[in-house]
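This briefing is meant to be read beside the sequence and the coordinates. Please keep both in view while going through the points below.

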Amino acid sequence: MFRRRDSNLQVFLVHPGGPFWKEKDAGAWSIPKGEYEEGEDPLEAAKREFEEETGIKADGEFVALGQTKQSGGKVISAWAFEGDCSPAEVRSNMFSMEWPPKSGHKQEFPEVDRADWSNLKEARTRILKGQVVFLNRLMDRLQ
């Protein structure tokens, strides 16, 4: 999601939940995203995942930002749409994992623990390195 404020472009980023990301900030934020099944329409999956991670329905005219391969080998597709919301409204789905490791105890964590608006300069330092390409493509598409 993106918005224009005082002639500045801002992007909506989310911070991953769970204990691995708790103390990380710079280079840890992400566009809301998730996996889709073979045969599933990628845009429809992106809308579903956005809503699952934020509790906000993705709606509007979607701008295709293409695909990129992340450092771990995962290929992600992204779209942007113009919208607005308060980061305080974000309500994420939960996931379960064994924590602490090898303890045998399962704990629940939010998939996204917080969200925020960032101008492009700030977003470039906050977002995962492998997703900067989407910021560049968004700028190209909006010019």
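Which are the buried residues of helix 3 (residues 132-142)? They are Phe-134, Leu-135 and Leu-138, where buried means under 20% relative accessible area, exposed means over 50% and partly exposed lies in between, with a 1.4 Å probe and protein chains only. Seen down the axis of helix 3, these residues fall within an arc of 105°, so they line one face of the helix; the arc is that of the directions from the helix axis to the C-beta atoms.

This is a predicted model, in which local features need pLDDT of at least 70 and side-chain atom pairs count only at pLDDT 80 or more, while totals for chains, interfaces and linings use all residues. Residues are numbered from 1 along each chain as its sequence is written, and side-chain values use heavy atoms, with hydrogens and water left out.

**Overall fold and dimensions**

- The secondary structure comes to 3 helices and 7 strands, which are DSSP runs numbered from the N terminus (helices: H or I, at least four residues; strands: E, at least two).
- Along the sequence these elements follow the pattern β-β-α-β-β-β-β-β-α-α.
- The protein has a radius of gyration of 15 Å, which agrees with the value near 15 Å for a compact globule of 143 residues; the radius is taken over C-alpha atoms, and the globule rule is 2.2 Å times the number of residues to the power 0.38.
- Taken along the principal axes, the box filled by the C-alpha atoms is roughly 50 × 35 × 30 Å.

**Burial, contacts and charge**

- Of the 143 residues, 36% count as buried.
- Of the contacts with a separation of 6 or more, 58% are accounted for by residues 24 or more positions apart, contact meaning heavy atoms within 4.5 Å.
- Carbon and sulfur atoms hold 48% of the accessible surface, which comes to about 8500 Å²; accessible areas come from the Shrake-Rupley method with a 1.4 Å probe, and for residues only the protein chains shown count as cover.
- There are 21 positive and 25 negative side chains, and the centres of the two sets lie 6 Å apart. Lys and Arg count as positive and Asp and Glu as negative, without His and the chain ends, and the place of a charge is taken as NZ of Lys, CZ of Arg, CG of Asp or CD of Glu.

- Gln-131, in the loop between helix 2 and helix 3, counts as buried at 0% relative accessibility. Not counting residues up to four places away in sequence, Gln-131 touches Ser-30, Ile-31, Lys-33, Gln-70 and Ile-76.
- Ile-76 lies in strand 4 and counts as buried at 5% relative accessibility. Leaving aside neighbours within four places in sequence, the contacts of Ile-76 include Gln-131 and Phe-134, and among the others are Lys-33, Gly-66 and Gln-70.

**Backbone features in the loops**

- A cis peptide bond, with omega about -5°, joins Trp-99 and Pro-100, and Pro-100 lies in the loop between strand 5 (94-98) and strand 6 (106-110).
- Lys-102, in the loop between strand 5 and strand 6, has a positive phi of about 60° although it is not a glycine, and is exposed with a relative accessible area of 82%.
- Ser-7, in the loop between strand 1 and strand 2, has a positive phi of about 65° although it is not a glycine, and counts as exposed at 75% relative accessibility.

**Two further positions**

- Met-97, in strand 5, counts as buried at 15% relative accessibility and touches residues including Pro-19, Phe-20, His-105 and Phe-109, not counting those up to four places away in sequence.
- Lys-47, in helix 1 (residues 42-54), is partly exposed with a relative accessible area of 24% and, leaving aside neighbours within four places in sequence, is in contact with Ala-58 and Phe-62.
- Lys-47 and Gly-104 are 57 residues apart in sequence and 34 Å apart in space, C-alpha to C-alpha.
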